[in-house]
Amino acid sequence: MNVRRAVKNPIQGVRTFYVESESEPGTEHMVVEVRRDGRTTYYCNCDDYFCRRLPFIHTNLFSNCRHSTRVIEALQ
Ligand SMILES: [Zn+2]
């Protein structure tokens with residue numbers, strides 16, 4: 001899974017990345033990194049994130065989808 005960074009990010013503390021989809025070659029998922037109030041949160045536009053993970057955001061039950069996990073790995 002390749003990770004590509006958006007050219008421009010107009011909002012302070014926000015970075016946008018694009019990650020190749022494994023299940024649908026040729027399509028990309030958008031992962032938005034938001035750094036605010038000392039906390040970094042990743043948002044992805046895939047179905048897995050929206051349906052299964054987003055409801056648990058900012059709780060102990062939350063975990064990132066594979067795309068946001070891939071972005072985190074690429075940033076290390
Ligand atoms: Zn995702």
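How many bridges join β1 to β2, and which way do the two strands run? Three bridges join them, and the strands run antiparallel. The structure is a predicted model, in which local features need pLDDT of at least 70 and side-chain atom pairs count only at pLDDT 80 or more, while totals for chains, interfaces and linings use all residues. Residues are numbered from 1 along each chain as its sequence is written.

The protein chain has two helices and four strands. Helices (H or I, at least four residues) and strands (E, at least two) are DSSP runs, numbered from the N terminus. The C-alpha trace spans about 35 × 30 × 20 Å along its principal axes. Of the contacts in the protein chain with a separation of 6 or more, 22% are accounted for by residues 24 or more positions apart; two residues are in contact if their C-beta atoms, placed from the backbone, lie within 7 Å.

The four strands form an open sheet in the order β1-β2-β3-β4, with antiparallel pairing. Two strands pair if DSSP finds at least two bridges between them. β1 and β4 are the edge strands, each pairing on one side only. From one strand to the next the twist averages 25 degrees, where axes are lines fitted to C-alpha atoms, for helices over the stretch in contact, and angles run from 0 to 180 degrees between N-to-C directions. β2 and β3 run antiparallel and are joined by seven bridges; the bridge partner of T16 is V32 in β3. Strand β3 (residues 28-36) is joined to β4 by six bridges, again antiparallel, and R35 stands opposite T40 in β4.

β3 and β4 form a hairpin with two residues between them. D37, in the loop between these strands, has a positive phi of about 55 degrees although it is not a glycine. Most residues other than glycine have a negative phi, and most peptide bonds are trans. D37 is exposed, with 8 other C-beta atoms within 10 Å. A residue is buried if 20 or more other C-beta atoms lie within 10 Å of its own, exposed if 12 or fewer, and partly exposed in between, with C-beta atoms placed from the backbone. H58 also has a positive phi, near 65 degrees, and is a residue other than glycine. H58 is found in the loop between α1 (47-53) and α2 (66-75) and counts as exposed because it has 8 C-beta neighbours inside 10 Å. P10 belongs to the loop between β1 (3-5) and β2. With 7 C-beta neighbours inside 10 Å, P10 counts as exposed. The C-alpha atoms of P10 and E20 are ten residues apart along the chain and separated by 23 Å.

Buried residues make up 17% of the 76 residues in the protein chain. The largest nonpolar core has nine residues, namely F17, V19, V31, Y42, C44, C46, Y49, C65 and V71. The elements that give two or more residues to this core are β2 (14-20) and β4 (39-44). A nonpolar core is a set of buried Ala, Val, Leu, Ile, Met, Phe, Trp, Tyr and Cys residues joined through C-beta atoms within 7 Å. Leaving aside residues up to four places away in sequence, C46 touches H29, C65 and H67.

In α2 the buried residues are H67, S68, R70 and V71. These residues cover an arc of only 155 degrees around the axis, which puts them on the same side of α2; the arc is that of the directions from the helix axis to the C-beta atoms. The cover over the buried residues of α2 includes β1, β2, β3 and β4.
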